[in-house]
Amino acid sequence: MFPLFFYSIFINMEEFKIHPKYENYEISKCGKVRNKKTNRILKTRYTKCGYERVNLYPIKGNHPVTFLIHRLVVETWIGDIPPRMIIDHIDRNPQNNHYKNLRITTQAENNRNRVMIPDSNYIIH
């Protein structure tokens, strides 16, 4: 294991950008979410399908709203997501939220990105 200061140096080297809609939060290229006022990295959780999510307070004093990390990364680093379009993880790993691994696509194109696991009835998305 590396000492604790090593991890804080790594986080400080990561590039962050203010989210275009939620200006109190900064999003890194790798999917870290930082509160702009406190400068703290927010804790995340995972959905049953393995997608990382985070709670944000989009309106001051309101209740938290859950956002998928990959959508925040795309909106911050790539651009707006048009209606009826979805985000595809190119390497099929829902935990890899780096902006270069994400693309805006149609549902049909995303379905073509699935792979059948040999000797089973399961599909990897």
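Among contacts in the chain between residues at least 6 apart in sequence, 30% join residues at least 24 apart. The model that shows these contacts is a predicted one. Its chain has 125 residues, of which 29% count as buried.

Three helices and ten strands make up the secondary structure of the chain. Read from the N terminus, the elements follow the order α-β-β-β-β-β-β-α-β-β-α-β-β.

Strands of a sheet pair through backbone hydrogen bonds, in either a parallel or an antiparallel manner. In this chain, three strands form an open sheet in the order E1-E2-E3, and their pairing is antiparallel. Strand E1 (16-18) and strand E3 (33-35) stand at the edges; each has a single partner strand, so one side of each is left without a neighbour in the sheet. From one strand to the next, the twist averages 35°. Three bridges connect E1 with strand E2 (residues 25-28) in the antiparallel sense. Within this part of the structure, Ile 18 stands opposite Glu 26 in E2. Helix H2 (residues 69-77) packs on the sheet and touches E1, E2 and E3. The direction of helix H2 makes about 95° with that of E2.

Side chains of opposite charge can pair when their charged atoms come close. The structure holds five salt bridges. One of them joins Lys 21 and Glu 75, with the closest N and O atoms 3.8 Å apart. This pair links distant parts of the chain, since Lys 21 lies in the loop between E1 and E2 while Glu 75 belongs to helix H2, 54 residues apart. Glu 75 has a relative accessible area of 14% and is therefore buried, the limit being under 20%.

Another salt bridge is formed by Asp 88 and Arg 103, whose closest N and O atoms are 2.8 Å apart. Here too distant parts of the chain are linked: Asp 88 is in strand E7 (residues 86-89) and Arg 103 in strand E8 (residues 102-105), 15 residues apart. Asp 88 counts as buried because its relative accessibility is 2%, whereas Arg 103, at 29%, counts as partly exposed. Arg 103 also meets the side chain of Glu 109 in a salt bridge (3.4 Å, N to O). Glu 109 is partly exposed, with a relative accessible area of 32%. Through shared partners, these salt bridges join Asp 88, Arg 103 and Glu 109 into one network.

Terms used: Residues numbered from 1 in each chain as written. Predicted model: local features only at pLDDT ≥ 70, side-chain atom pairs only at ≥ 80, totals over all residues. Heavy atoms only, no water. Pairing = 2+ DSSP bridges. Helix = DSSP H or I, 4+ residues; strand = E, 2+ residues; numbered from the N terminus. Axes fitted to C-alpha atoms, helices over the stretch in contact; angles between N-to-C directions. Contact = heavy atoms within 4.5 Å. Buried < 20%, exposed > 50% of the residue type's maximum accessible area, 1.4 Å probe, protein only. Salt bridge = Lys/Arg side-chain N within 4 Å of Asp/Glu carboxyl O.
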